[in-house]
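Biologist: Could you take me through this structure, part by part?

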Amino acid sequence: MILVWIVMLPIIGGLIARLSGRFGRTFPAWVCLGALAIDIALAVGLWLGAGANARGAWIVETKMPWIPQLGISVHLAMDGLSLVLVALTFFLGICAVVSSWTEVKERVGFFHLNLMLTLAGITGAFLAMDLFLFYFFWELMLIPMFLLIALWGHENRRYASIKFFIFTQAGSLLMLVAILALFFIHGRATGEYTFSYGALLGTPMGYTTELLLMLAFFAAFAVKLPAFPVHTWLPDAHTEAPTAGSVILAGLLLKTGGYGLIRFVIPLFPEASFNFAPIAFALAVVGIVYGAVLAFGQTDLKRLIAYTSVSHMGFVLLGVYAWNELALQGALVQMVCHGVSTGALFMIAGSLQERLHSRDLSGMGGFWTSAPKMGAVMLVFALASLGLPGLGNFVGEFLVLIGVFSVSPEAAVFAASGLVLSAIYSLWIVQRVFHGPQKITVADFRGHEMAAMASMIAVIVWLGLFPQPVLDLFGQTLKTLNVTTARPVETGIDKFKAGPAVYRINLSTGVQKK
Amino acid sequence: MTVPAEHALVLAAILFSIGLAGVLARRNIIFMLMSIEIMLNSAGLAFIAAGYKNGQADGQVMFIFILAMAAAEVAVGLSLALRVYGSFKSLDADAASSMRG
Amino acid sequence: MYELLWLVPAIPFAGFLVLAVLGRGLSEKAVATIGAGSVGLSAALTIYLGSLYLSNPPADGVFTQTLWQWIYAGGLNASIALRLDALSLLMVFVITGIGFLIHLYSTAYMSGDESFSRFFAYMNLFTGSMLVLVLSDNLLFLYLGWEGVGLCSYLLIGFWYKEPYNGYAARKAFIVTRIGDTLFAIGLLVLFTGLGTIEIQELMIRASSEWAGSSLPVLAAALLLGGALGKSAQLPLQTWLPDAMAGPTPVSALIHAATMVTAGVYLIARTHALFELAPAVMVLVAAIGAATLLLGSLSALVQKDIKRVLAYSTISQIGYMFLALGVGAWHAAMFHFMTHAFFKALLFLGAGAVILAMHHEQDMFKMGGLRKEMPFVFWTFLAGAASLSALPFVTAGYYSKDLVLSLVWPSPFGGGVLWACGLAGAFLTALYTFRMVFLTFFGESQRGIGPKPGIAITLPLLVLAILSIAGGFVETPGFLGGVDLFASFLSSVFAREVFQLETSGVIFAGVAAPLAGIAAAWLLYSRREALRGFVQKPLAAAVSSLWFSGWGFDRVYDFLIVRPFLALTAVLKGEPIDSPVNWLAKASEGLNLLLVKTQTGKVRLYAAGITIGAVLALSAAVLL
């Protein structure tokens with residue numbers, strides 16, 4: 001039942017916040033903080049008891065029938081991966097609420113309702129083990145986020161919110177078709193019509209069917225991730241969203257894409273995913289380089305940070321499709337660390353926008369003199385963004401590179417060029433905003449802002465120097481996935497000793513391994 | 001000499017076309033209503049002819065239904081025409097076109 | 001009590017944390033105490049550990065200490081672990097010793113600066129990272145220190161951030177070294193994937209047994225070399241070091257002379273077993289070293305800024321170290337590293353004292369006659385310059401350079417050509433060094449000088465001057481006594497070379513070249529008018545400007561890399577991928593405009609539509 005509470009608390013909190021909006025401007029924020037605090041306490045409690053309570057694959061599991069005639073149940077389950085991501089959700093949720101404390105002035109209650117519904121949708125997506133329920137939560141996080149951008153966003157919010165909505169919805173609808181197809185195929189093959197994840201694993205189906213279904217699922221998660229050609233919604237959405245919206249978009253929504261790939265695409269369709277891997281590698285590497293190159297050329301601070309997200313998530317895509325222990329660990333750590341570091345960067349950008357009423361880089365410069373705390377915090381997160389060892393992002397990126405190298409050395413080498421490119425844009429941000437002669441003065445961080453920033457710095461340094469507990473939790477998930485996928489999870493060394501594997505896809509004759 | 005039923009049906013068809021042409025071509029609402037009347041009567045004639053052909057009274061019954069319905073429709077139609085005239089100051093059907101895209 | 005080893009890097013890190021968080025509120029004296037004191041404590045601890053090591057060495061001469069498990073996943077087992085052996089002890093001694101002296105110097109040099117605490121915070125962070133780099137037991141932890149020193153270099157070059165040029169120089173340094181770092185990272189990937197471990201000693205053992213005869217060591221060694229080239233500012237990644245002189249002079253002394261730039265030398269020395277498996281790469285290292293030492297010397301010969309002379313000199317001297325590494329003369333390279341740290345730091349600190357006295361004037365042609373006005377600085381600077389020029393028999397620089405040169409010719413990877421390059425470099429080094437001395441300290445004094453330096457400045461200069469003279473006596477060639485304390489100290493790490501050349505011709509050349517250089521400098525530069533006329537000639541002017549710009553590397557890189565990148569950025573800025581998407585949006589808008597025309601609001605049109613539709617449907621039903 002605790003899982004149901006974890007998902008329902010944000011919804012209840014959001015509704016109370018909506019109603020309390022009439023009592024004052026800060027009431028909704030306090031209500032949300034309270035709900036999220038309880039939630040994060042529950043998550044931490046589960047974390048601390050994870051070792052003792054683990055039974056089999058899941059740390060906690062809940063299953064209740066919902067629509068038995070259609071094989072739909074409320075099946076929520078938490079393992080190491082979902083535990084860490086759920087904790088991240090609430091942590092970033094608290095940061096988002098704090099960052100919008102003074103920024104949102106109209107319809108504050110409704111704003112917080114949307115915020116909490118989005119968080120609830122994300123949490124549910126991370127916990128759902130029934131495909132119908134998963135799709136339910138997947139859609140749940142969409143509309144409130146659309147409203148957040150459309151109602152409280154900046155100048156170009158209409159374009160950005162509609163673009164975000166259509167992109168995501170198009171992918172999701174393809175996924176819906178695939179879910180239904182899977183439902184029917186499974187039913188016809190085994191006689192059991194169900195949406196349950198565990199039952200649908202290993203559904204027998206022809207190769208072409210598997211390929212098409214995999215592509216449909218991939219479409220939804222690739223848009224969310226975002227993978228290279230379908231990433232264009234991201235810069236606009238991140239730029240025009242209010243600060244809390246940007247934090248949740250960059251910190252959490254993108255992670256649902258990665259989570260979906262790991263949890264659904266590859267375990268449900270192993271053969272097709274395996275053959276698709278070279279294309280995924282290519283998309284990932286192009287995304288890493290493209291995102292970094294474009295980031296450098298932007299004049300809008302939030303747009304620049306948005307493009308860095310495209311670049312970082314390329315590493316996640318790369319790691320997931322390498323599908324060995326090192327690469328997956330790297331991808332998961334990268335997801336968590338990117339959420340924290342990019343969330344922090346957006347919060348700083350939001351603070352700057354609040355003070356300057358502009359995101360234009362050409363109007364900024366020399367702020368270190370008047371705002372040294374902000375400068376130092378931005379420096380820390382710019383360094384995290386460029387993958388400095390000692391901060392969490394390095395652990396993620398490096399594990400991905402090691403894992404990918406044994407599968408595809410070329411992809412790893414090209415992805416490593418992202419290290420140089422990320423240095424270029426990260427240092428450029430610091431230089432442009434904080435260094436140079438002082439043009440205007442800017443107020444420094446206030447107490448509550450600094451507290452939020454300090455906690456995020458603590459998290460990213462902790463993940464950089466002591467990632468082992470998180471790696472252990474993820475390791476438990478990888479064992480789960482090993483059990484349920486058709487192909488074993490291999491370690492890097494064995495693969496390399498057999499010689500680097502090069503895959504070619506020939507649509508007429510199938511896969512040839514050279 | 002009995003009139004073949006087919007002739008009645010052909011007459012009904014001709015009357016229907018005339019009525020349809022009238023609805024589409026005339027712009028004055030009253031004339032459109034009159035054309036609709038013609039269409040209704042032609043439909044009734046068709047029913048009579050069918051009833052005559054099959055030797056059943058159903059055709060006549062349907063015609064009485066149509067008569068009643070036509071009367072009701074004329075009542076509503078004329079009151080609508082009055083309202084249109086009141087709002088748009090004209091009985092031109094094309095004048096009442098503010099619900100456009 | 002070897003267990004205290006972890007304190008050596010930890011104390012500077014603690015100093016960094018204290019100064020970073022609380023520094024703004026503390027007085028200058030408190031900041032100086034914490035900043036210099038932390039490195040001083042580390043230095044004291046190093047002396048203690050060193051004496052312990054010499055009197056009671058641990059088993060095999062190695063002591064390892066694991067602090068905690070960093071990353072353990074999928075076969076990768078990286079821990080935060082320290083390793084003390086002769087090589088790392090040598091490095092730690094230099095880093096903490098010279099580091100402390102430079103920190104002490106900085107308390108006076110940076111006094112009055114508005115960001116005094118920030119400076120010492122960064123310097124402490126640097127010291128801690130550099131110590132991590134040399135003490136690390138595995139390549140991943142080494143990489144952490146490696147990047148950490150790169151970060152501190154960036155922060156300290158751009159310390160005076162209000163000036164945009166400083167930020168540019170800092171970014172240039174970071175990005176150029178990052179290119180090297182990326183190559184290093186890829187080398188790490190190759191090593192781990194091929195050998196299954198990331199601990200340095202284990203890697204060396206496995207490489208020797210599993211990779212003998214394959215081409216993988218060449219790949220791995222070449223990639224590690226790439227990393228070393230970036231950090232140590234060798235060809236072709238040397239362009240950042242002259243611009244790095246934008247930072248405060250103590251930074252140039254510590255980071256860009258004595259320690260960070262020698263990280264590449266340390267890396268190759270540490271993984272020498274791997275390099276020995278890849279002869280092709282050894283030859284490459286030696287060739288790059290020789291080329292760099294010549295190019296650096298020639299560029300130093302025409303510089304006007306005293307710090308730039310020293311920067312190119314550093315590039316050149318590290319070329320000597322690479323030359324020694326490339327021919328397999330491992331302990332000669334480390335010996336030259338040690339003496340170079342002494343005299344180069346001394347020269348930079350002396351230059352700093354001169355710059356302060358000249359009210360931040362750095363152009364040597366505006367200086368002169370300072371030997372009468374700043375005698376203490378003059379004599380210590382002269383000691384450093386003599387050591388750099390390898391003045392025979394009385395300076396440490398002579399012994400280290402002589403050792404390098406005597407091993408270059410007979411080595412299987414070396415040869416006469418490389419030896420000749422080294423010898424020519426010795427001549428040029430003496431030439432430009434004493435050019436610098438004559439221009440700065442001799443001749444007519446042109447400006448009045450500021451206040452005399454205090455104890456915080458003079459003490460480090462004195463200590464370093466003594467070391468620059470006497471530090472070489474630990475390793476002397478055969479004809480002068482054959483002392484080999486240094487080589488035997490490092491014998492637990494490096495096997496002794498079997499080749500050595502000590503013919504009288506070589507010895508004579510080694511003595512003559514520096515003396516000739518000094519003489520030439522006196523002839524050319526103590527009376528400047530003669531030279532001025534020569535430099536006006538067109539050929540000389542063209543060559544001189546080529547050398548002045550560092551052989552045009554900056555322009556080539558700008559043309560080949562920077563401009564295309566900026567052009568690419570400009571082209572892609574508008575997100576061309578968006579065009580199909582926006583086109584789709586426009587197309588649906590256009591379709592909407594087209595279809596909306598059917599919504600006329602006219603009843604008759606609707607009726608007509610119904611009619612046509614009904615006709616079509618009925619005929620379809622009837623006919624089909």
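This is a predicted model: local features need pLDDT of at least 70, side-chain atom pairs count only at pLDDT 80 or more; totals for chains, interfaces and linings use all residues.

Biologist: How is chain A divided?

Modeller: Chain A has domain 1 (1-268) and domain 2 (272-487), with bounds from an automatic or database domain assignment. Their centres, taken over C-alpha atoms, are 21 Å apart. Contact, meaning heavy atoms within 4.5 Å, involves 57 residues of domain 1 and 52 residues of domain 2.

Biologist: And what area is buried between domain 1 and domain 2 of chain A?

Modeller: About 4600 Å², with carbon and sulfur atoms giving 76%. Buried area is the accessible area (1.4 Å probe) that two parts lose on being put together, summed over both. On the domain 1 side, A:Phe228, A:Ile262 and A:Ile266 lose the most area to domain 2, together 14% of what that side buries.

Biologist: How many salt bridges are there between these domains?

Modeller: The count is two. A salt bridge here is a side-chain nitrogen of Lys or Arg within 4 Å of a carboxyl oxygen of Asp or Glu. Elsewhere in the list of pairs, A:Arg359 forms a salt bridge with A:Glu155, with the closest N and O atoms 3.4 Å apart.

Biologist: What does A:Asp79 pair with?

Modeller: Its side chain meets that of A:Arg263 in a salt bridge of 3.0 Å, N to O. This pair links distant parts of the chain, 184 residues apart: A:Asp79 is in the loop between strand S2 (72-78) and H4, and A:Arg263 is in helix H12 (residues 243-268). Helices (H or I, at least four residues) and strands (E, at least two) are DSSP runs, numbered from the N terminus. Over all chains, the structure holds 24 salt bridges.

Biologist: Changing topic, how many residues do chain C and chain A bring to their contact?

Modeller: Chain C brings 50 residues and chain A brings 66 residues. The two chains bury about 5000 Å² between them, 73% of it on carbon and sulfur atoms. The rule finds one salt bridge across this interface: C:Asp578 with A:Lys163, the closest N and O atoms being 2.7 Å apart.

Biologist: What about chain B and chain C?

Modeller: There, 13 residues of chain B are in contact with 10 residues of chain C, and about 910 Å² is buried, 60% of it on carbon and sulfur atoms. B:Leu24, B:Asp94 and B:Gly101 supply 47% of the area that chain B buries against chain C. B:Asp94 also forms a salt bridge with C:Arg604, the closest N and O atoms being 2.9 Å apart.

Biologist: Where does the second largest cavity lie?

Modeller: Both domains of chain A give residues to its lining, so the second largest cavity lies between them. The residues closest to its centre are A:Val98, A:Ser99, A:Met347, A:Ser351 and A:Glu449, out of 16 lining residues.

Biologist: How is "cavity" defined?

Modeller: On a 1 Å grid over the protein atoms alone, a cavity is a set of points where a 1.4 Å probe fits but cannot get out, and lining residues have an atom within 4 Å of a point.

Note on methods
Residues are numbered from 1 along each chain as its sequence is written. Chains are lettered from A and ligands numbered from 1 in the order in which they are written. Side-chain values use heavy atoms; hydrogens and water are left out. On a 1 Å grid over the protein atoms alone, a cavity is a set of points where a 1.4 Å probe fits but cannot get out, and a pocket is an open set with protein on both sides within 12 Å along at least five of seven lines; lining residues have an atom within 4 Å of a point.
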